[in-house]
Amino acid sequence: MAPDEKLLNSTESVCPECLKRIPAQNVRRGNDVYLIKECPDHGQFSTVIWRGEPAYESWAYPKKASSPAACATESNKGCPFDCGLCSDHHQQSCGVLLEVTSRCNLACPVCFAGITEGAAGEDPDLSVIESWYRMLLASGGPVNIQLSGGEPTVRDDLPDIVALGHKLGFNFIQINTNGLRLGKESEYVAKLKKAGLNCVFLQFDGTNDKIYKHIRGTALLELKEAAIRHCAENEIGVVLVSTLVPGINTGNIGELINYAVQKIPGVRAVHFQPIGYFGRYPKAPRDEGRITIPEVIRALESQTGGKVKTANFLPPAGENAHCSFHGNFVLMPDGTLKSWVSDLSGYYCAKAEPSSEGSVHARNFMAKQWSAPKEPLKSIKRLKEAPKVKPAINVSSMSDFLERVHTYTLSISGMAFQDAWNLDLDRLRDCHISIVSPDHRIIPFCAYNLTSCAGRALYRGKGPDHG
Ligand code: SF4
Ligand code: SF4
């Protein structure tokens, strides 16, 4: 350890070259924290994981280890090679992705799933999807479902998939989409609503087309705005999801919040995802190509002129603290955002602490926050004429409070996905977002998407690899 370095904790990771499990350390250098590891065959790797305040050490919450309600695999080869979930996992699933197609109608330079435009592939039919749903029910109950891909809206029978999930007992179903079809076909959106779709997780990287041309290869803003409009007309809640790429849209964070505020109550939330490096990267991604959680939080304050503040954001109550942040706000009649997370954080974290109860609580909380309000959106007055909404601070229960502020709420959150360079297996074991693999296993998102620098996947497209 160099004289200016301080060891924060020891963990494990994988070698980005060969994906073998290797020891790793989280080390403080000045204001920043790095994950440092050494493969006996491929040398040393150092990756920035946290820059500045709020400090890495302070970003924590009192969480008890939990276990999956049902384990499909044994812990044999050791994490991350036993996913199933295995008996070594420390958290229950809150949200689970079902990849209902490998096809897509875009060819984004940035794609977690490594999908290419027009990529042929047989879609799982409804009976296969039903078997996934039933497996999830048997593995712990009605988790929040994310129908994903590829691009799920390329399927004409997507409304049938949504309806099937509800029929089987799932309460919250969202689609993860680029929004192209939703922007073009309002009747398709109406069919999804009729089927019971609760939320659209809309890829929305920024508020101008320069950003879309860089990240998605083409101008898309008009279609995205049409998608938001069609969702509002059909009473479907929208979460704007921005993949943050340093130098491309990291200066647009404040504008995106201002944009979302104008779209309340149809837009329920903004979710930021710092870019991760999946696929083929022969050279280690440079640290300048990464933005970390505290930087996003600070940018939220500085770029909104203090409309939201660093102190309004908290570590998560479900997954590992260093995976994400969140804050909840109420739009006030004068256009300001009133934070209520800080007022009630004690309540929220306390409720989330007992593990199984906490997992259910986090699941219900997210479902309620991201769905459209009960009151029809068409009848809700817009920002200029928003009725008075009292910030409920002295409330007896979280449910009462949410009832009162549900309509004019905006949640702001972010999740820093892990790749082969910054993977911390302690974080991965706490993961509560998973994907169902074609062979019916539940695999944490960051394990499923993990690839070596040569593009070799650990799970996606094949069975488990060896440690
Ligand atoms: S990520 Fe979880 S399920 Fe997968 S091997 Fe590690 S502990 Fe087991
Ligand atoms: S998906 Fe990745 S970043 Fe998100 S909770 Fe799971 S391990 Fe953490």
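This is a predicted model: local features need pLDDT of at least 70, side-chain atom pairs count only at pLDDT 80 or more; totals for chains, interfaces and linings use all residues.
1. Helices (H or I, at least four residues) and strands (E, at least two) are DSSP runs numbered from the N terminus, and two strands pair if DSSP finds at least two bridges between them.

2. Some housekeeping: residues are numbered from 1 along each chain as its sequence is written, while chains are lettered from A and ligands numbered from 1 in the order in which they are written. Local features need pLDDT of at least 70, side-chain atom pairs count only at pLDDT 80 or more, totals for chains, interfaces and linings use all residues, and side-chain values use heavy atoms, with hydrogens and water left out.

3. At one end of the order, β14 (residues 433-436) pairs with β15 in the antiparallel sense over three bridges. Valine 436 has isoleucine 442 of β15 as its bridge partner. Axes are lines fitted to C-alpha atoms, for helices over the stretch in contact, and angles run from 0 to 180 degrees between N-to-C directions.

4. Helices α1 (residues 126-138) and α2 (residues 158-168) pack at about 35°, with axes 10 Å apart. Residues in this contact include Leu126, Ile129 and Tyr133 of α1 and Ile161, Leu164 and Leu168 of α2.

5. Buried residues (under 20% relative accessible area, 1.4 Å probe, protein chains only) in helix α8 (residues 293-303) are Ile293, Pro294, Glu295, Val296, Ile297, Ala299 and Leu300. Among the elements covering them are β4 (43-51), α7 (253-262) and β11 (324-331). Glycine 305, which follows α8, has a positive phi near 65°.

6. Now the ligands, whose shells hold residues with a heavy atom within 4 Å. Around ligand 1 are Cys79, Pro80, Asp82, Cys83, Leu85, Cys86, Asp88, His89, Leu428, Arg429 and Pro444. Ligand 2 is surrounded by Glu319, Cys323, Met415, Ala416, Phe417, Gln418, Arg427, Cys431, Phe445 and Cys446.

Methods: Contact means heavy atoms within 4.5 Å. Buried means under 20% relative accessible area, exposed over 50%, partly exposed in between (1.4 Å probe, protein chains only).
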